[in-house]
Amino acid sequence: MEESKFIDKDKKYEKKGKSQLKGVWTRLKKDKLALIGLVILIILILMAIFANFIAPYEYDTQNLKNTFQSPSLKHLFGTDEFGRDIFSRIVYGSRISLQVGVIAVGIAVVIGGFLGAVAGYYSGKIDNVIMRIMDVLLSIPQMLLAISIVAALGNSLINLMVAVGVSSIPQYARIVRASVISIKNQEFVESARAIGSSDLRIIFKHVIPNCLAPVIVQATLGIGLAILTAAGLSFIGLGIKPPTPEWGAMLSGSRTYIRDYTYMTLFPGIAIVITIFAFNVLGDGLRDALDPKLKQ
Amino acid sequence: MENLLEIKNLSIEYVTDDGINKAVNNLNLKIREGETLGFVGETGAGKTTTALGIMRLVPNPPGKIVGGEIYFEGKDLLKKEEKNLREIRGNKISMIFQDPMTSLNPIITVGKQVEEVIKLHEELSKDELRNKAEKMLDTVGIRKERFDDYPHQFSGGMKQRVVIAMALACNPKLIIADEPTTALDVTIQAQVLELMKELKIKFNTSMLLITHDLGVVAETCDYVSIMYAGSSLEYGDVEKIYNNPLHPYTIGLFNSIPSLDEDKEKLDVIPGTPPDPSNLPTGCRFHPRCSHCMEICQKSLPKSIEVENGHFVSCFLYDKKMKEGK
C-alpha cells in the first residue's frame, strides 16, 4: 500500500533530492523485485547477527536418539544424521556464508579495483603488464583456481575467503579499468589537473568515486557468486571443517541420504538459492538505479 | 607594463601513427599584466593546444612540446619540475574550460569543488575554507544556499559561473579561458562575459581568451592575436586590427561576419579549409587559400613585421610595401 503512494510522488522527490544516494534510493524503490531482495538480505543479515537468539539449539549439539527426524514443530527443518537441528545449523550457517561472500568480494574489489585503476589511469606498459596477468588468471576457470588455491593453502575459513576472493580479482580489475579509462578522459579530470591536483588525488578523489557504480553492481552480484563458490568448495570438502555449519558442506554431508531424507539436502539448498536470488535481484536493481543515463 | 607571459617560438607536435601533427608552430605571444588577449582562429588552429602548453598539460603521449620558451613572471615554465608546476596551476595560472557541463565533477558538490582549489594552494581551517568558497561563489552570483548542491542541479550558465569561481578562487595572475561561452546560449554568453570582464578588473588578472567569435573579442579584449595553422598571423590591439585588418586571412574573417545592414544571400567565405596539420603547405601556411598569393608566398615563410606601432602581421604583401616605401 505504502509503496504505490511512493511511486506517485517519486518524480517530485527526485527533483528535490539533495544527494546522489537519495536519488538512487528513490529509483531503487520503484523496482519491487530489488526491494524484495533487499528485504530478504536484511532478514538474512539480522539472522546472522542474532543467530544465537534465533536458533533453538546449538549448531553442534548432537542428539543421537533423535537422528533423521522429519521436519516438525520441535525441529523445524528436521535433524541430520547426528541428530543436530538443521534449522539451527542453517541459521548459524548464514554467518559463514555472508562472511565468506562479503569478505571474499571485499578482497577482490580492493585488490582488483586498485590494479584496474592503476592500469587504466597510467595505460601503456603498466596497463599491459597488469592486464595480461589478469588475462592469465581469467583463462583459468574460477572454480578450478579457487580449488587449487585452497588445496595449496589448506582448509580454513580464511583460506576459503582468500581463494574465492583472489579468483575473482580479474573481473573487478577489468571493470574498474574500463570505467577509469572512460572517466580519465573527461574534462573534469583535466580541470582537476589544471587546478594543481596530483595524480593520486585525481585517482582517489575524482576518478574512483565516479566509477563506483558499476563496481557496486558487480560486487552485489559477485557476493552471490562467491557464496556459491564457497558452498561448492565446501561441498567437495575443501571449505569449512565440521562441525562448523556451512550450507555447501551441509549439502555435501547430506547427499548420501538424499533418497530417504530429502529435506536434509533441500533446506540448505533453499537457503543458498534464496540468498543468491536476493543478491542478484538487488544487484540488478542497483544497476538500473545507478545508471547515469536514467538519471533526470 | 611588464610582460606577465611571454611565449617565444613555441612548437607543439602530436605524434600519431599517421604522422606528426604540427599543432603549434613557432608561436610568439605576450600578455602584460591586467591585459586581455583574444586568441582567435578556426577550429584546429592550435588555440587549445597552446593553452594546454602554457599549463604544461599537453597530453603526452601523443603530444610533445618540441621547442620554444614560455616565460611566466620571468621564469621558463618549460624548465620547471612537475611539483612546481602543480603549485602554479590553479594558483597563479588557472583555466576555464570550454564545456561547463563536463568540467565539473558530477558527484562532488559545487561548494566542495571550489573549496578544493583553495585547499590545494592555501592552508586554511575548515571554516575559513568554507567561508572563502562561499564568498567566491557569491562573487559570481551564486547564493550560498546552493553550496551543497550538485552540478546536475545547476543550469549551464550557473555551472560556468562555478567554473569561473574555481578559476578565480586563488586570485591567479593569469586566466586562460578556452572558449568559455561556446557551450552557452547567447543571453547567458553575454552575462558570463560581462561577469568575467568585471571580475578581471576587480582582481586585476590578465586573461587569455580563446574564442572564434570576433564579436566576443571586440567586447572583452585589449589585444588580439589571429591564429592560423599553429602560428599567429596578425597581432595588435583590438582597435587597430578591427579598424585596419591587414592580413588577407584576417580580412577574410571579418568579411565572413554577417552584417545587419546589408541584405546578402550568401556570406563571403574564405575558400578552402584549414590545412591538415600533419601536412602543412610550404611557405606561408595560408597561401593555398589566399587571394593575394604571390610566388614568394609558396616558397618561404613570411616573418612578422611591425606595420605600425604594436601591430604585427606576417605577410609578404606588407613586406614589399614597406620596401617600396623606403
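Two strands are said to pair if DSSP finds at least two bridges between them. Helices (H or I, at least four residues) and strands (E, at least two) are DSSP runs, numbered from the N terminus. The views below come from a predicted model, in which local features need pLDDT of at least 70, side-chain atom pairs count only at pLDDT 80 or more, and totals for chains, interfaces and linings use all residues. Residues are numbered from 1 along each chain as its sequence is written, while chains are lettered from A and ligands numbered from 1 in the order in which they are written.

**View 1. An open sheet of eight strands in chain B.** Follow the strands in the order β6-β7-β8-β3-β9-β10-β12-β11, and you will find mixed pairing. At the edges are β6 (93-96) and β11 (305-308) of chain B, each pairing on one side only. From one strand to the next, the twist averages 20° (axes are lines fitted to C-alpha atoms, for helices over the stretch in contact, and angles run from 0 to 180 degrees between N-to-C directions).

**View 2. Where β6(B) meets β7(B).** Four bridges link β6(B) to β7 (residues 174-178) of chain B, and the two strands pair in the parallel sense. Look for B:Ile96, whose bridge partner in β7(B) is B:Ala177.

**View 3. An open sheet of four strands in chain B, with a helix.** Here the order is β2-β1-β4-β5 and the pairing is antiparallel. Strands β2 (19-32) and β5 (75-76) of chain B stand at the edges with a single partner strand each, so one side of each is left without a neighbour in the sheet. Helix α1 (residues 47-55) of chain B packs on this sheet and touches β1 (3-16), β2 and β4 of chain B, its direction making about 70° with that of β2(B). Contact here means that the C-beta atoms of two residues, placed from the backbone, lie within 7 Å.

**View 4. Where β4(B) meets β5(B).** Strand β4 (residues 63-72) of chain B is joined to β5(B) by two bridges, and they run antiparallel. B:Phe72 stands opposite B:Lys75 in β5(B).

**View 5. Around B:Leu208.** Not counting residues up to four places away in sequence, B:Leu208 touches B:Ile31, B:Leu37, B:Phe39, B:Ala51, B:Leu174, B:Ile176 and B:Ala177.

**View 6. Chain A against chain B.** In this view, 15 residues of chain A are in contact with 21 residues of chain B. Helices α10 (187-194) and α11 (199-210) of chain A each supply at least two residues of the side of chain A that touches chain B. The largest share of that side, six residues, comes from α10(A).
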